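Subject: Structure for you to look at

Hello,

Here is the structure you were going to look through. My notes follow below it.

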Amino acid sequence: MNPVLPFLEIEASSAPRVEVRFDGAPLLLPLGANLAAALLAAGIERFRDTPVSGAPRAPFCMMGACFDCLVEIDGMQRQACMIEVAEGLQITRPGSPEVRHVAS
Amino acid sequence: MSHRDLVIVGAGPAGMAAATEAANAGLSVTLLDEQPRAGGQIYRDVDHVPDHRAALLGPDYTAGRGLTVALRRSPVEHVTGAVVWSIEPGFCLSYSRDGRGAQLTADRVLLATGALERPMPLPGWTLPGVMTAGAGQILLKQSGVLARSAVLVGAGPLLYLIAVQMLRAGQPPLALVETQTGRNRRAALRHLGGALRGWPYMAKGLRMLAELKRGGVPRYTGAQDIRIEGDTRAEVLCFSHRGRTRRLACETVFLHHGVVPNTQAARALGVAHHWSTQQQCFVPTLDCWGRSDVPGVFVAGDGAGIGGAKAAALSGRLAALAIACDAARLTPDERDRRARPLRSARAREQAPRPFLDTAYPPCAQALSPRDETLVCRCEEVTAGTVRDHARAGCLGPNQTKAFGRVGMGPCQGRYCGLTVTALLAEATGQTPDQTGYYRIRPPLKPVTLGELASLKTPPATGKN
Ligand SMILES: Cc1cc2nc3c(=O)[nH]c(=O)nc-3n(C[C@H](O)[C@H](O)[C@H](O)COP(=O)(O)OP(=O)(O)OC[C@H]3O[C@@H](n4cnc5c(N)ncnc54)[C@H](O)[C@@H]3O)c2cc1C
Ligand code: FES
């Protein structure tokens, strides 16, 4: 497995890896890293589906301006590019109906 | 609630330089920025990056440490992670930090909120895998994360910079697909005098191009009819080049055709703006110190008009001198004496701009997208729908909200505002100034009820 991912980390991070869950699947991400960057590096390609047409979206600006990196954490939609990885984050993908089932 | 002589929003080069200068002149200064560390866009995380990454980002990046060190040594209170979402006249600033609301009052406000990538609506630009080139750079600077198989699309020196940084990091882009033409280059020659005054920048540009050539990165200039294809993510970049259609398989597409001032906060405060023909964007109307028509409100850095990092820092210092003088901490003579060398340095920094703006104009296809192209990413509104609004009698961006939902999503028009103005102006035959821009009301960023509840005096939050 492990096909070549679109993004790579250019140096081994010295930060300890902590477990977070994205749509229920466990991921090990560097503690304190930018969450959007860490998810991209972990191979997550689709962050949310739009409320209008259900189209898939992923980070576009990485500077808090476009809101395409919105994910759901503790029932709140937050910009993944504006938060840091913390142990135990439970992240779901906004807008995907199958996820809402899993989360409830 | 604490009170300050000056509150500055934005800790990029402009905000850092202004804060340090004003505090050293004796003002009490608070600097607010939503990022966890000082630096802004160009110097993002400059104090934090490992040596190896700093080396490949180059000396123009690490030069930012001069500003961060001076800021730390100054008495400035720098509040990190502070998302400013309301600035009320008088001035009361409301911001969120760690899920809680907080407020601060100030005699004067300096907005140093920087630039945004110019919106680049092309078919497929909303697909996962398509990002701004600036986003690619932020991934690299802040996180050491790099795209493996990326194409860079658009125009401008920042495109070459990121290409060179990717090359040095061992993952060169698959290609540069550039939209400027030979005609643009020839037109730019009449600004050669300015370009030569800004020779270090020109020399850097030529060095970058030579490095890309040595690195074997193909360049396609004068590209047209650009389209990103893919089902659920970007898969192919399609464009026409010298009469031939080309298809490049890729996983990531980085878009860039210049940056434009982020005017959200200034507009929310009612600062007057006007259209800059040279920069093809709205800029706040300011005097030579960065003073706006709203008493006590100053704007500096790229948010006042695109000039680059060094010009941003200089304009921050100039604004700080004027603010210190207005607050009676400096005599006008002293202000003017200190300003003189800053002004000539800034003029040198700005000298190459007309050449660059003419040689690398915005991509024409993205300024007037075809009907089926999405222009509002949030509400998924196409260019055709905006043109329909114009045909139905809509004259300006604020009226579009009576016709549909364009500009009403969470980004508040940051990535569609200029396109909507351009589409309406094109349809009505009016100028961008006559057409105008979205009215921006607080909150500048979405606020939660919890954040509001933790404030003692919730500010008025107008409806869109
Ligand atoms: C993504 C991107 C990458 C760039 N990279 C380069 C580069 O590598 N080289 C180069 O020469 N130029 C680059 N530029 C151009 C750049 O804008 C300038 O060179 C320089 O950063 C401008 O400095 P500034 O101080 O005006 O603004 P910035 O450096 O943009 O700083 C503005 C700051 O304001 C903060 N801010 C904005 N709104 C709010 C708010 N509501 N609440 C709290 N904080 C807020 C932001 O977090 C940011 O830190 C880049 C531009 C962008 C958009
Ligand atoms: S990627 Fe644009 S807001 Fe996060």
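A residue is counted as near a molecule if one of its heavy atoms lies within 4 Å of it. With that in mind, ligand 1 lies between chains A and B. Please note that this is a predicted model.

The ligand site

There are 31 residues around ligand 1, and those that come nearest are B:Ala14, B:Asp33, B:Gln41, B:Gln137 and B:Asp302. By type, the shell around ligand 1 divides into 16 nonpolar, eleven polar and four charged residues.

Backbone atoms of chain B approach the oxygen atoms of ligand 1 at several points. For B:Ala14, a backbone N or O atom is 2.9 Å from an oxygen atom of the ligand. A polar backbone atom of B:Pro13 lies 3.2 Å from an oxygen atom of ligand 1, and for a backbone N or O atom of B:Ala309 the distance to a ligand oxygen is 3.2 Å. Ligand 1 taken alone exposes 970 Å², and the protein buries 93% of that.

Several elements of chain B each supply at least two residues of this shell: helix H1 (13-24), strand S4 (83-88), helix H5 (133-143), helix H6 (157-168) and helix H11 (309-326). H5(B) gives the most, with four residues.

Domains of chain B

Chain B is divided into domain 1 (2-116 + 260-330), domain 2 (119-257) and domain 3 (368-435). Domain 1 and domain 2 of chain B each contribute at least three residues to the shell around ligand 1.

The centres of domain 2 and domain 3 of chain B, taken over C-alpha atoms, are 27 Å apart. Between these two domains of chain B, seven residues of domain 2 are in contact with ten residues of domain 3. The area buried there is about 810 Å², with 61% of it given by carbon and sulfur atoms. On the domain 2 side, B:Pro119, B:Pro121 and B:Trp125 supply 61% of the area buried against domain 3 of chain B, more than any other three residues.

Chain B against chain A

In the contact between the chains, 48 residues of chain B meet 33 residues of chain A. About 3400 Å² is buried between chain B and chain A, and carbon and sulfur atoms give 60% of this area. B:Arg148, B:Arg377 and B:Glu380 supply 17% of what chain B buries against chain A, more than any other three residues.

Regards

Methods:
Residues numbered from 1 in each chain as written. Chains lettered and ligands numbered in written order. Predicted model: local features only at pLDDT ≥ 70, side-chain atom pairs only at ≥ 80, totals over all residues. Heavy atoms only, no water. Polar contact = N/O pair within 3.5 Å; in protein donor to acceptor, adjacent residues only side chain to side chain. Areas by Shrake-Rupley, 256 points an atom, 1.4 Å probe, with all protein chains shown as cover. Nonpolar A, V, L, I, M, F, W, Y, C, P; charged D, E, K, R; others polar. Domains from an automatic or database assignment. Contact = heavy atoms within 4.5 Å. Buried area = accessible area lost by both parts, 1.4 Å probe.
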